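Dear colleague,

I am handing over the structure below, followed by notes on what was found in it. Please read them with the model open.

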Amino acid sequence: MAEVAGVDPRELEELAIEVARLAGAQLALAALERDHLGEHARQKSSATDLVTEADIAAEGLVVEALLGARPGDAVLGEEGASRAGSSGITWVIDPLDGTTNFVYGYGSFAVSIAARTEEATLAGVVFDPVRNELFSAALGSGARKDGLALVRPAPSSLDHALVGTGFGYLAERRAAQAGLLPALLPAVRDIRRSGTAALDLCSVALGRLDAYYEAGLAPWDKAAGLLICREAGCETLELELDGVTGATTVAAPADLIGPFCGLLRDAARRALPASRA
Ligand code: IPD
């Protein structure tokens with residue numbers, strides 16, 4: 001891939017890999033030392049939306065390391081890091097995606113780092129320190145898992161598809177998201193809710209999931225994972241669904257994404273009250 005904004009996307013990928021591994025190691029250590037829920041977790045947008053000292057410390061480490069290497073870049077981080085830059089590159093950071101998993105010691109969590117311009121995401125890295133798996137991609141140069149080329153295997157048919165999803169933190173949004181499930185569940189193999197959107201997207205790229213959808217994701221939840229999906233050969237799009245607030249992010253292999261979006265639209269219509277359907 002040619003240089004964009006004066007930089008080779010592969011160089012941004014390499015830097016993000018190095019930094020994500022550092023932050024992941026710090027989080028893994030914090031997870032071992034973690035006290036039970038409540039000690040170090042505070043509420044954010046709702047009673048179920050948590051932030052921990054580990055989130056904040058990891059964001060500090062990521063920002064310092066990225067700006068140490070590239071002082072002219074801008075930053076947008078989930079835990080509040082925000083800084084304008086002069087290079088045309090913005091780092092979009094979720095230092096700890098899967099905070100609830102982290103707090104409960106349940107399943108995986110991840111560091112997600114993407115570099116983007118106003119036009120495109122150039123590089124993305126998602127590191128899962130629990131499974132020690134690192135997903136990465138650079139625009140036009142493919143996706144990788146632990147440094148080896150990652151190409152999405154052939155998808156299952158819709159009725160055999162394992163579908164990942166997630167739910168937002170606001171009660172009203174959750175209720176609308178739950179409304180899709182009665183029509184969705186009988187039409188696919190099953191549903192999974194891993195608790196980390198960044199890893200869900202990597203799972204679609206890898207073939208651990210056949211498709212993924214979620215409404216209302218923040219840029220830091222999805223920037224890196226979406227590039228990894230696309231560079232692995234999947235398609236991604238933002239869908240407006242009747243009765244669901246916020247765009248629904250969808251990722252799936254090319255053969256599956258059309259029928260899957262049709263199913264989501266149908267499920268959303270069926271969930272509407274009779275007066276609005
Ligand atoms: C959350 C996770 C979760 C998704 C939520 C996200 P956080 O991010 O990715 O899977 O369903 O929408 O907000 O809060 O753990 O960084």
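A137 stands opposite A143, a residue of strand 9. Strand 9 (residues 143-145) pairs with strand 8 (residues 133-138) over 3 bridges in the antiparallel sense; two strands count as paired if DSSP finds at least two bridges between them. Strands (E, at least two residues) and helices (H or I, at least four) are DSSP runs numbered from the N terminus.

This is a predicted model, in which local features need pLDDT of at least 70 and side-chain atom pairs count only at pLDDT 80 or more, while totals for chains, interfaces and linings use all residues. Residues are numbered from 1 along each chain as its sequence is written, and side-chain values use heavy atoms, with hydrogens and water left out.

An open sheet of 8 strands has the order 4-3-5-6-7-8-9-10, with mixed pairing. Strand 4 (82-83) and strand 10 (148-150) are at its edges with a single partner strand each, so one side of each has no neighbour in the sheet.

Helix 6 (residues 197-206) lies across strands 5, 6, 7, 8, 9 and 10 and runs at about 100° to strand 7. Helix 7 (residues 219-231) also packs on the sheet, touching strand 3 (74-77) among others, and its direction makes about 105° with that of strand 7. Contact here means heavy atoms within 4.5 Å; axes are lines fitted to C-alpha atoms, for helices over the stretch in contact, and angles run from 0 to 180 degrees between N-to-C directions.

A further open sheet, again with mixed pairing, consists of 5 strands in the order 12-11-13-15-14. Its edges are strand 12 (190-192) and strand 14 (234-239); each has a single partner strand, so one side of each is left without a neighbour. From one strand to the next the twist averages 20°. Strand 13 (residues 211-215) and strand 15 (residues 248-253) run antiparallel and are joined by 4 bridges, with Y213 opposite V250.

Among the polar contacts (pairs of N or O atoms within 3.5 Å), a polar side-chain atom of D97 is 2.7 Å from a ligand oxygen, and a backbone N or O atom of L96 is 3.3 Å from a ligand oxygen.

Regards

Technical notes
A polar contact is a pair of N or O atoms within 3.5 Å; within protein, one must be able to donate a hydrogen and the other to accept it, and residues adjacent in sequence count only if both atoms are side-chain atoms.
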